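Visitor: I would like to learn how to read a protein structure. Could you walk me through one?

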Amino acid sequence: MLQNAMLGDSFMDESFQNTVYLDKNENPYDVAPSLKEELRMRLQDLSFNRYPDVENRRLREALALEAGLDVENVTVGNGGDEIIQMLFLAFTKPGSTVMTLSPCFSQYCHLCKVFPVEQKAVSFKLSQGQVLFDEEKFLDCLSSYSPDLILLDRPNNPTGKSLSLNFVKRVIELSRGVVLVDEAYAEFDTGSILDFYGAKNFPENLVVLRTFSKAWGMAGLRIGYGFTSYGLRKSLERVRSPFNLNIISAEAALIALKYKEWMLNRVEGIKCTRDRFISNVNKLCGWKAYPSSANFVLVESQCNRGALREALRINGLNVKFLNSSMFSSLTGEKGDNKVWFRVTIGQEEDMGRLINIFKSLS
């Protein structure tokens, strides 16, 4: 098994005042101006000298209603990262086995080292411009390793690959451990594992992670939430820090839920830009963009890494460079010196600037 080693670097030139950040998977659009105005008015009624509701009841009720679940199915966190950390605290101990995809969200690998646990990873394969995944191999490994915690990012970061829902359902059914289905980018994808479950038949070992950071364009407010069974939520509550979500973020999330149509319209626009970007990259000689179900795209290039970094610096664009040797190994090609990086989908003009850089290096 290939352990995840996708630690890369975000190219950043702090001297460039108009830098476009296409490296953090942020939404390129801010929230609706009227949402900000509602929040501004609501701030007048908030008591800053009082602690937040320790149970975040109002927000949990609103999220449960949106998902067709009960309030006891919902937990909230300071971003999705906190909920992932809560899972490690509640369900692992030193020497536990945690199973992931490879590559995967880098925070999984970081937490596996921090706690520490043994990470077992099943790799994707990259072939003919497609991201492939051997589902049966993963299930065989699941049986062999019997992990305490399984982390599935769907869509996967950084490949953009979305695992089949039937496969994810099988993992949940066959696992003795807790299964996290990380749907941080679900709004850019089709379908959700939540489509299979309601409050009465929610699996005891499942956590579905969502966030306001991506599609909702509220990364700066750090609002994550998870849907889970009643019993599993109690285990998470035992390790959750009290007052983990501040009153401003909680109010902003409640207001944002009234702007779902705005959010979905923005998502459709980003998806169109994404698909156009993939098509334009794949018309260039020496460049390849992989299909994506998220708001980012995995790109490989035969260009010189240093030349690409310099061109990006001059033009004030950041992308997320990845571990090239690790990604090249997923293709099965030896001695491959290609450059691998992840591109967040920005506004249309940003992606046009990036395409022009690629053309200049082709």
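Guide: Gladly; let us begin with one residue. Gly79 has 0% relative accessibility, so it counts as buried (buried is under 20% relative accessible area, exposed over 50%, partly exposed in between, with a 1.4 Å probe and protein chains only). Keep in mind that this is a predicted model, where local features need pLDDT of at least 70, side-chain atom pairs count only at pLDDT 80 or more, and totals for chains, interfaces and linings use all residues. Residues are numbered from 1 along each chain as its sequence is written, and side-chain values use heavy atoms, leaving out hydrogens and water.

Visitor: Where is Gly79 found, and which residues is Gly79 in contact with, leaving aside its neighbours within four places in sequence?

Guide: Gly79 belongs to helix H3, residues 79-91. Helices (H or I, at least four residues) and strands (E, at least two) are DSSP runs, numbered from the N terminus. Contact means heavy atoms within 4.5 Å; apart from neighbours within four places in sequence, Gly79 touches Arg222, Ile223 and Gly224. Leu245 is 166 residues away from Gly79 along the chain, yet their C-alpha atoms are separated by 8.8 Å.

Visitor: Is Met41 buried, exposed or partly exposed?

Guide: Met41 counts as partly exposed, because its relative accessibility is 47%. This residue, Met41, sits in helix H1 (residues 33-43). Asp30 is eleven residues from Met41 along the chain, and 18 Å separates their C-alpha atoms.

Visitor: How do I read the sides of a helix?

Guide: An α-helix has 3.6 residues a turn, so residues three or four places apart point the same way. Take helix H10 (residues 305-315), where Leu308, Ala311 and Leu312 are buried. They cover an arc of only 100° around the axis, which puts them on the same side of H10; the arc is that of the directions from the helix axis to the C-beta atoms.

Visitor: What covers the buried residues of H10?

Guide: The cover includes strands E12 (287-289), E14 (317-321) and E15 (339-344), together with helix H12 (348-361).

Visitor: And how many helices and strands are there in the chain?

Guide: The chain has twelve helices and 15 strands. Of its 362 residues, 55% are buried. Among contacts with a separation of 6 or more, 74% join residues 24 or more positions apart. Along its principal axes, the C-alpha trace spans about 55 × 55 × 35 Å.
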